[in-house]
Amino acid sequence: MKMLLGDQWVDREKTIDVRDPFDNAVIDTVPAADAADVEIALAAADAARATARAMTAYDRSQVLLATADIVADNLEDFAETIAREGSKTIREARKEATRCVNTLTISGEEAKRLLGETIPFDSFPGGEQRRGHFERVPIGVVVAITPFNDPLNLVAHKLGPAIAGGNAVILKPATVTPLSALKLCEAFMEAGLPSGVLQCLTGHGAVLGDALVSDPRVRMVSFTGGLEAGERIVSKAGLKKIGMELGSNSPVIVWHDADIEWAAETCVSGAFWAAGQNCIGVQRIYIHRDAYDRFKQLFVTHTKDYTIGNKMDEATDMGPMINEGEAKRVERWVAEAVEKGATVLAGGSRKGALMEPTVLENVPKNATIHFQEVFGPAVNLYPVNDLEEAIAEANSVDYGLHAAGFSNDVTTCHRMIEGLDAGSVLINDSTDYRLDSMPFGGIKNSGLGREGIRFSLAEMTEPKVVCWYLPGLRPE
Ligand code: NAP
C-alpha cells in the first residue's frame, strides 16, 4: 500500500515488508518514510490546520459517521487485514473492527458536544461589568503514534477525537501492522475528509520519531505503546501536550466467596486474548487459599482446551505472537521463572511465533515474569490468605492500568475498589474489559492522561476564554 503524505498517496523506492506472523509470508509492502517525508508531513499538517479548524461541528461529525459506515460496510475486509498482519484470530479481529465502528461513531457524536461554560466574572469585586464564557478550540497539529496489538481500533481512538476536535493529524502506525491504519485513512478520505487534514507516515519509529515529536509545529503527541519508546518521546517532545497510554502487568484478586467457575472462565480469556499481547491482559491472579485448588483446576482445564494455530481458521482460539523474537522472549521469561522455582501448570512450549498458553505457580518475586509486563500468553497464579495482603501484592508492581476483583460480598468488593491502585477497577470481571467511551488510562508507568473519546477530545482541544467588558451594564 502507499502512504498518505500531504494530499497524495505516495510510494517510495525503499519499502518495508509486512509479514503474516503465522507463516512469515509477505502480504504487502509499505513505503519506508525518511526525514524528508517527516518534513513534508509537518509542513502539510501545519498548512492544513486552517482547513481542519474551518470544518463545522456538523462537517466533522458527518465525516466521522460516514467513516464509521464505510468500516461497517467492509467489516470482513478490515477484520481480515487485522488478522493477517497481526496476531489476532479472525474472530478476535471481527470484534476489533466492530469496536472501531463504535469508536468512530462515538467520535462523530462527541464532535457535536464540544461544550464550554459560562464564567462567573462577577464572583469577585471588579468583575461586575464583565460577562463571558470559555469555548473549546482545536489544539492544532496532533502526532498520533500507535502500537501493533490493536492495529485498527487504537488508531481510531486517536484519529476520531483528533478530527472531532478540528485538528490536523499525522499518524505513525506500528511498522509491523500498518495496513489496517492505511485502510482506515482510505476510509476517511472516501468519507470526504479534506486533504491534508490527515496524513499517515509508514516507517520506523526509531528513524522518524525524534523529528516528528520534537517539532514545535506539533502541539500534541498522543502515544500508545511501550514504556521505553514512551520515555524517549517524553524526553524529546519539548513544550507540547503529551498523552501516554503505556503497558501494564494487570492483577486480579479472586475471593473464596466468588463465582469461581465464572472467574476462571473469564480470566482465561483475559489472559490469552490476542496471544496475551493486550495492555489490559490478565497477568497475575491472587486467589484466596480456600478457593485456590478449585480455581487452579478450572483455569488449567480451560487453558488446555484452547486451540492455537492458524488465525484465519474459525475454530482457532489463539494465534501466534507478533514475531518469533517476541515468542522466544516469553519462552525465556518462563524458563527463568522455572529456574527460580516456578512450576508450569500448562503450556510453556513454543513453535516459531506460536507460544502455548502458559500457566505458572510458585513464581518468585524476583522473576521477570512477576514484576515486568509479559505482553504474551503467560499468567501467574498465587494463593493468598487475607485481603490486605492480596491488595498489597496486586499493587506491588510499577504499573496500574486495570485491576480486577471477584467476590460476592459487597464490602469485600468495596475494599478492593478502594485498595487497588489502577485507572479502572473491574468487579466480577477480568481486567480485559474496556468500553470505548469510558475514561481509559493508567497510573504509575502505565501512562499519563486518559483516552475514551470525550476524554481524548478534552486533551486535543484547548479552552479559549471570551470576556466582554460592558461598562454601564451595572451602573456603580
Ligand atoms: P512500541 O514498541 O513502544 O511501539 C509503539 C509505537 O511507537 C510504534 O508505532 C513504534 O514504531 C513507535 N516508536 C518506537 N520508537 C519510537 C520513538 N523513538 N519515537 C517515536 N515513536 C516510536 O510498542 P508495541 O510493541 O507496538 O506495543 C506494545 C506496547 O504497547 C505494550 O507495552 C502495551 O502494553 C502497550 N499498549 C498500551 C495500550 C494502552 O492503551 N495503554 C494499548 C495497547 C498497547 P515502530 O513500530 O516503527 O517501532
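## Aromatic pairs

A search of the whole structure turns up four aromatic pairs, where rings of Phe, Tyr and Trp (its six-membered ring) pair if their centres lie within 6.5 Å, with planes under 30 degrees apart called stacked, over 60 edge-to-face and the rest tilted. One of them joins F148 and F375 edge-to-face, at 5.8 Å centre to centre and 80 degrees between the planes. This pair links distant parts of the chain, 227 residues apart: F148 sits in the loop between β7 (141–145) and α5 (153–164), and F375 in the loop between α12 (368–371) and β18. Helices (H or I, at least four residues) and strands (E, at least two) are DSSP runs, numbered from the N terminus.

F148 counts as buried because its relative accessibility is 16%; F375 is buried too, with a relative accessible area of 16%. Buried means under 20% relative accessible area, exposed over 50%, partly exposed in between (1.4 Å probe, protein chains only).

## Where the model comes from

This is a predicted model, in which local features need pLDDT of at least 70, side-chain atom pairs count only at pLDDT 80 or more, and totals for chains, interfaces and linings use all residues. Residues are numbered from 1 along each chain as its sequence is written, and side-chain values use heavy atoms, leaving out hydrogens and water.

## Charges over rings

Two arginines are worth a look here. The charged end of R329 sits over the ring of W333, 4.6 Å from its centre, while R434 lies over the face of F440, at 3.7 Å from the ring centre. The criterion is NZ of Lys or CZ of Arg within 6 Å of the ring centre and within 35 degrees of the ring normal.
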